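Me: Please take one part of this model and go through it closely. I would like a single connected account, with the cut-offs stated.

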Amino acid sequence: MGLLGAPKNIENFVAGRFVQTGKTFTKHSPVDGTVVGRVHEAGQQLVDAAVRAARAALDGPWGASTVPERAGLLRRIADRIEARFEDLVKAEVADTGKPLTQARTLDVARAVTNFRAFADTIAAHGLDSFITELPDGRRALNYAVGKPLGVVAVIVPWNLPLLLLTWKVAPALACGNAVVVKPSEETPSSAAVLAEIMAEAGVPEGVYNVVHGFGPGSAGEFLTTHPGIDGVTFTGESATGSAIMRAVSPRVRPVSFELGGKNAALVFADADLDKAIDGLARSTFTNTGQVCLCTERIYVERPIFDDVVAGLSAAAQAHVPGHPEDAKTTMGPLISAGHREKVQSYLRLAEQEGAKVVTGGGVPLFGDARDHGAWIEPTLWTGLTNSDRTVREEVFGPVAAIMPFDSEEDAIRLANDTDYGLAAAVWTTNLERGHRVAQRMRVGLSWVNTWFLRDLRSPFGGVGLSGIGREGGTHSLHFYSQPTNVCVHL
Ligand code: NAD
Ligand code: 6OD
C-alpha cells in the first residue's frame, strides 16, 4: 500500500474531463519505495487535444471574461483549495515524502495565497496611459490594453509541486489565459487534485488542462514543440530551460524561466550569530535542500568561521529524518533514488576534491522499510574553494560548503563568482553594509538577515544560468498578457 493510502490512478485532465491513456508509469514513494500511483502518460494526441481544448476555451466565453469575473474565480479557487486542504496535503506528501507539517504550512498554504494574491493584483491593475504632445502641436492619448498571451504551457518541477504550479497558473488565469500544465513525472498527484478543485470552483472547460509524462520524447517535448502554444513558463533545471528554448525557438514564443541556483550566504563577523545560524540552517536544509533558493555556498568572515561551522553542524545533527506523519520529523527524503544517486556523486566528488566532511556524508539507516527510500544525511564541508566543481555545480540536496573570507570585497567577489545568479543572503548587523552588499550581489533576489521571506508583489527570478524574466505581482502580468497600444488623436 502506498504512503497515506492505496496507490492512486493519476489521470490527465483535458477539456474538463479526466482522461486515461493506454500507457502508465509507476510513481514510488521516496519514503520507502512503495507504489504511490499509476500515472497515465499523455502521448502526442492527448497533448494536442489539451492544446486544442485550451484554444477553444479562449475562443469561447472565457476569452471575453472580465477582470472582476476572473478575480472572483481566483478567489473561489482559493476557497476550494482551503476546503480540500488535506487532500492536497496528502497528495503532496505521498509524492515527495516531505513532513506533513511543511506541506501544510508552506506548500498548500502558498497555493491558497497564490490565488488570492493574483486576484488582488489583477483587480488593482490599471491601464498604462499617457498624453502625447509632439513639437508640431499634435496631441494624442496613448493607452495599452492587456490581452491574454493565449495558450500557456506551464512546466514545473517536483520540489514544491503545488506551490510552483499555482504560482504560475494563478497569474495566467488572472490575465485570461488557458493553460496546459505538465507537472513533474515525480509529483503528478497535486495537479490532478487541483483539476477537481478547478471544476468545483467553476473554471470553464479547457481553461485548466493537465498532461502527465516526462520531458524528451514525452509530454514535455510534445507540449513545447506544439505549434498551438503561445508561450512557455517553466521552472526547473538550467539544462532543461536550454532544451525548451531550442524547442520553442522555431516559432519564436516568449519564455519565462526560473532555473537552477548555487546560492551564496555571506556571514559577517558583526552578524547576530544565533539568528545567522538559525537562518543558515533553514536556508541549507529546508525541504531537504531541494529549494532553488537554498544556500549551497556559505562564506564566513574568518574570526567567526569556527563558530559558524560548529553552530550549523549542531543544527544539521539536530534534524530528525522520519515518516512524514510523525510530528517529530523535521527532514524528509530526497525526491527519488535517482536524485539521491546524483547527490551521492557530489558527496564522493567533494571528498576527491579534498573536502573535510564536518557532518553527514552518508545515508541514514532505519532498519525498516525506509531503507528502501531515498534518504540522505544533511552534510557540511569545509576545505573547498570556488575552483572546485562541488562549489560551482548545483547539487540540490541538504549540503553546503563553508568557506572563509577576509574582507567585504573578498566576500562579494567570491559570492558573485558563479555561472548562476538566483539568490543571496547577507547576515550582518551593520545596516549600511547589509544594503551595500545585497545590492552588489549578481542575483535576482537578495535577502538581508532573513531567507525565503516572500512578498508576492516583488519580482522573482534569476540572472545568468538561473533564468530569464521575472514573475510576481505586476511582473507576472507583463509575461502573461500582451499589451495592445491604442493611440487616439486628440
Ligand atoms: P527538470 O528540469 O528536470 O524538470 C522540470 C520539468 O521539466 C519536469 O516537469 C520535467 O518533466 C520537464 N522536462 C524535462 N525535460 C524536458 C524537456 N526537454 N522538454 C520539456 N519539459 C521537460 O527539473 P527538476 O529536476 O524537476 O527540478 C529541480 C530543478 O529545478 C533544480 O535545478 C532547481 O534549482 C530548479 N528549480 C528552480 C526554481 C526557481 O524558481 N528558479 C524553483 C524550483 C526548482
Ligand atoms: O516563492 C516563490 O514564489 C517561488 N517561486 C519559490 C521558488 C522556490 C524554488 O524551489
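Reply: Thr-233 has Ser-256 of β12 standing opposite. The model is predicted, so local features are given only at pLDDT of at least 70 and side-chain atom pairs only at pLDDT 80 or more, while totals for chains, interfaces and linings use all residues. Residues are numbered from 1 along each chain as its sequence is written, chains are lettered from A and ligands numbered from 1 in the order in which they are written, and side-chain values use heavy atoms, without hydrogens and water.

Strand β11 covers residues 231-235; strands (E, at least two residues) and helices (H or I, at least four) are DSSP runs numbered from the N terminus. On one side, β11 and strand β12 (residues 255-258) run parallel and are joined by four bridges. Two strands count as paired if DSSP finds at least two bridges between them. Strand β8 (residues 151-155) also pairs with β11, again over four bridges and in the parallel sense. In that pairing, Val-232 of β11 stands opposite Ala-153.

Together with helix α8 (residues 238-248), β11 and β12 make a right-handed β-α-β unit: with the strands pointing away from the viewer, the path from the first strand over the helix to the second runs clockwise.

Technical notes:
Buried means under 20% relative accessible area, exposed over 50%, partly exposed in between (1.4 Å probe, protein chains only).
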